[in-house]
Amino acid sequence: MEKGKIDRLFNKLDRDAESTGYHLNPDTPFTRSLVKGLIVNQERYGYQACPCRLASGNQEEDLDIICPCDYRDPDLDRYGTCYCSLYVDEEILKGKKKVKAIPERRDKQQEKNPAPASSGLGYPVWRCRVCGYLCARDNPPGVCPVCKAKKERFEVFVEK
Amino acid sequence: MGVEKIHVSGTKKGDIMLYALSTCQWCRKTRELLNELKVDYHYIDVDLVTGDDQKQLIEEIKKFNPACSFPTMVIDEKDSIVGFDEDKIRKKFE
């Protein structure tokens with residue numbers, strides 16, 4: 001694969017991460033290989049599925065594992081790294097802790113909790129499944145203003 | 001019948017089958033560790049297989065790892081090591 005392609009996505013992800021309070025794994029060769037995996041998946045499936053998970057090829061089914069996945073935040077909280085280790089916490093960034101492979105949190109059988117019925121707020125409340133950002137408006141924003149996740153990563157958190 | 005698995009020669013320490021993904025860096029590390037330990041094994045990158053062949057592989061993996069996560073290493077068709085568990089792998093083969 002063309003090196004420039006990896007450079008471009010790597011730099012973009014690094015900028016986005018640092019500007020939103022996240023950090024890429026400081027092991028650059030490892031991280032670049034993951035970025036390459038994201039490009040491979042983009043070309044193969046049409047979306048950047050997690051390089052360490054088997055994508056189905058059906059975007060709807062795989063929304064939760066499009067990078068950054070729905071599990072990044074809980075895994076960063078619990079282990080200091082996301083599942084594929086593209087993202088790490090500050091301790092790992094500063095070399096105080098080593099990155100280790102972590103268990104899979106995704107459970108395909110799990111049912112989604114239905115959104116609670118509203119108390120007449122006038123607007124539904126949308127939640128970004130990637131970073132937890134909430135907003136009250138008729139439709140979700142095109143991109144999450146916090147983590148830049150796309151519109152389809154939003155779910156109704158409270159009904160109108 | 002079935003998909004051809006890639007053979008890496010080394011010291012025979014059982015019938016070792018590694019289910020991996022070509023894009024997964026933990027899978028790559030697992031293979032590097034097996035190579036370092038000079039273990040004889042077979043592997044397959046499941047993401048490079050399509051259609052019914054892939055479905056068949058997923059069923060094989062689920063027998064040992066219902067979450068079908070990667071890497072999944074199956075030893076002698078009975079034991080398995082899920083994920084890049086370096087200590088466990090070293091202990092098993094060193």
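1. Of the 94 residues in chain B, 37% are buried. A residue counts as buried if 20 or more other C-beta atoms lie within 10 Å of its own, as exposed if 12 or fewer do, and as partly exposed in between, with C-beta atoms placed from the backbone. The model is a predicted one, in which local features need pLDDT of at least 70 and side-chain atom pairs count only at pLDDT 80 or more, while totals for chains, interfaces and linings use all residues. Residues are numbered from 1 along each chain as its sequence is written, and chains are lettered from A and ligands numbered from 1 in the order in which they are written.

2. The radius of gyration of chain B is 12 Å, which agrees with the value near 12 Å for a compact globule with 94 residues. This radius is taken over C-alpha atoms, and the globule rule is 2.2 Å times the number of residues to the power 0.38. The C-alpha trace of chain B spans about 35 × 25 × 25 Å along its principal axes. Of the contacts in chain B between residues at least 6 apart in sequence, 67% join residues at least 24 apart; a contact requires C-beta atoms, placed from the backbone, to lie within 7 Å.

3. Chain B contains three helices and five strands, and from the N terminus on its elements follow the order β-β-α-β-α-β-β-α. Helices (H or I, at least four residues) and strands (E, at least two) are DSSP runs, numbered from the N terminus.

4. The five strands of an open sheet in chain B are ordered S1-S3-S2-S4-S5, with mixed pairing. Strands S1 (6-8) and S5 (79-82) of chain B are at the edges, each with a single partner strand, so one side of each has no neighbour in the sheet. The twist from one strand to the next averages 20 degrees. Two strands are paired if DSSP finds at least two bridges between them.

5. Within this sheet, S1(B) pairs with strand S3 (residues 41-45) of chain B in the antiparallel sense over three bridges, and Ile6(B) has Tyr43(B) in S3(B) as its bridge partner. Helix H1 (residues 25-36) of chain B packs on the sheet, where it touches S1, strand S2 (16-20), S3 and strand S4 (72-75) of chain B. The direction of H1 makes about 155 degrees with that of S2(B); axes are lines fitted to C-alpha atoms, for helices over the stretch in contact, and angles run from 0 to 180 degrees between N-to-C directions.

6. Four bridges hold S4(B) and S5(B) in an antiparallel pair, and Met73(B) has Ile81(B) in S5(B) as its bridge partner. The hairpin of these two strands has three residues between them, and Asp76(B) there takes a positive phi near 55 degrees.

7. In chain A, an open sheet of three strands has the order S4-S3-S5 with antiparallel pairing. Strand S3 (residues 125-128) of chain A is joined to S4(A) by three bridges, and Trp126(A) stands opposite Cys135(A) in S4(A).

8. How many residues does each chain give to the contact between chain B and chain A? Chain B gives 13 residues and chain A gives 13 residues. The side of chain B that touches chain A has eight nonpolar, four polar and one charged residues. Here Ala, Val, Leu, Ile, Met, Phe, Trp, Tyr, Cys and Pro count as nonpolar, Asp, Glu, Lys and Arg as charged, and the others, Gly among them, as polar.

Conventions. Contact = placed C-beta atoms within 7 Å.
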